[in-house]
Amino acid sequence: MQQSDKIRIDYFEDGRIARITLDNPPVNLTTVKILDELLEAVITVSEDDRVRVLVLTAAGERIFCGGSDLKEFPLIRDRFVEVKLRKENAIFSRLESMGKPVIAAINAMALGGGCEMALACDFIVMDERAKIGQPEINIGTFPGSGATFRLTRRVGPARALELLCLGTAVPPQDALEMGLVNRIAPAGKSWETAYELALELAAKPKFALKCIKELCRSAYTQTPAEAIEQSLALSEIILKTPDSIEGTKAFLEKRPPVFQDAVRRG
């Protein structure tokens, strides 16, 4: 894709780790145009076989993403679902279904659409000074891009209802304790902390990560019998892959495995 001044893609570790940065100061609001660019960036990374892990972050230290630009509302209110929400949901669904791990590196406040964006990622790393929440109730609406089900899946219905109905933004320790985020980063170190996690993931076997993500995602929509059958079908495939063969051999030889095109640690 052609790089824009609002959405940037950077690559690390010979292209195996990608970073998409939202840069729309001062509070990184999402406009219809920015969503178009973000969708293009997400598709680009998703279809790039070199990339093993994606980190999604934002510029600045004030707001990770403040959600929708309310100044656009009067112009698109009558077609808001088609113009804005469907596009936003397409982006977040693409992040969630991407066949590689996705990390949200929250460097500042993640509110509204910013929180929903993070919820669509597999892992959330949060700056110790940040807060995260869904304040839509306070402007007479509700989150329309996935928070009602993704937040519920992460923290359970009781906590999700409280956060959504009160519009509360919670600090990192509370978010960690309720299972909303995975790691708390020192002040100003959300990217570094997320990158370290990305390196850990990029050192793992690629297809196994894809299978785990697919199986965990399907767990919410399948019966136990369906989940077992999907797991067995993927096991039939993965046990014959070079990485599985190498992993078993390395274990028996008491040495670190050398997975295909993985990032080497240490």
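A residue is termed buried under 20% relative accessible area, exposed over 50%, and partly exposed in between (1.4 Å probe, protein chains only). The structure is a predicted model, in which local features need pLDDT of at least 70, side-chain atom pairs count only at pLDDT 80 or more, and totals for chains, interfaces and linings use all residues. Residues are numbered from 1 along each chain as its sequence is written, and side-chain values use heavy atoms, with hydrogens and water left out.

Cys211 is buried, because its relative accessibility is 6%. Cys211 belongs to helix 9 (residues 206-218). Helices (H or I, at least four residues) and strands (E, at least two) are DSSP runs, numbered from the N terminus. Contact is defined as heavy atoms within 4.5 Å. With neighbours within four places in sequence set aside, Cys211 contacts Leu234 and Ile238. Asp127 is 84 residues from Cys211 in sequence, and their C-alpha atoms are 29 Å apart.

Six strands form an open sheet with mixed pairing, in the order 1-2-3-5-7-10. Strand 1 (7-12) and strand 10 (183-185) are the edge strands; each has a single partner strand, so one side of each lacks a neighbour in the sheet. From one strand to the next, the twist averages 20°. Two strands are taken to pair if DSSP finds at least two bridges between them. In general, strands of a sheet pair through backbone hydrogen bonds, either parallel or antiparallel. Strand 1 pairs with strand 2 (residues 17-22) in the antiparallel sense, over six bridges. Tyr11 lies opposite Ala18 of strand 2.

Two helices that lie across strands of the sheet are described here. Axes are lines fitted to C-alpha atoms, for helices over the stretch in contact, and angles run from 0 to 180 degrees between N-to-C directions. Helix 1 (residues 32-46) lies across strands 1, 2 and 3 (53-58), at about 20° to strand 1. Helix 8 (residues 190-202) lies across strands 1, 2, 3, 5 (102-106), 7 (123-127) and 10, and runs at about 165° to strand 5.

Helix 6 (residues 157-166) has a buried side. Ala160, Leu163 and Leu164 are buried in helix 6. These residues lie on the same side of helix 6, because they cover an arc of only 95° around the axis. The arc is that of the directions from the helix axis to the C-beta atoms. Helix 5 (147-155) and strand 9 (169-170) are among the elements covering the buried residues of helix 6. On the face turned away from that side, Ala158, Leu161, Cys165 and Leu166 are exposed. Gly167 follows helix 6 and has a positive phi, near 70°.
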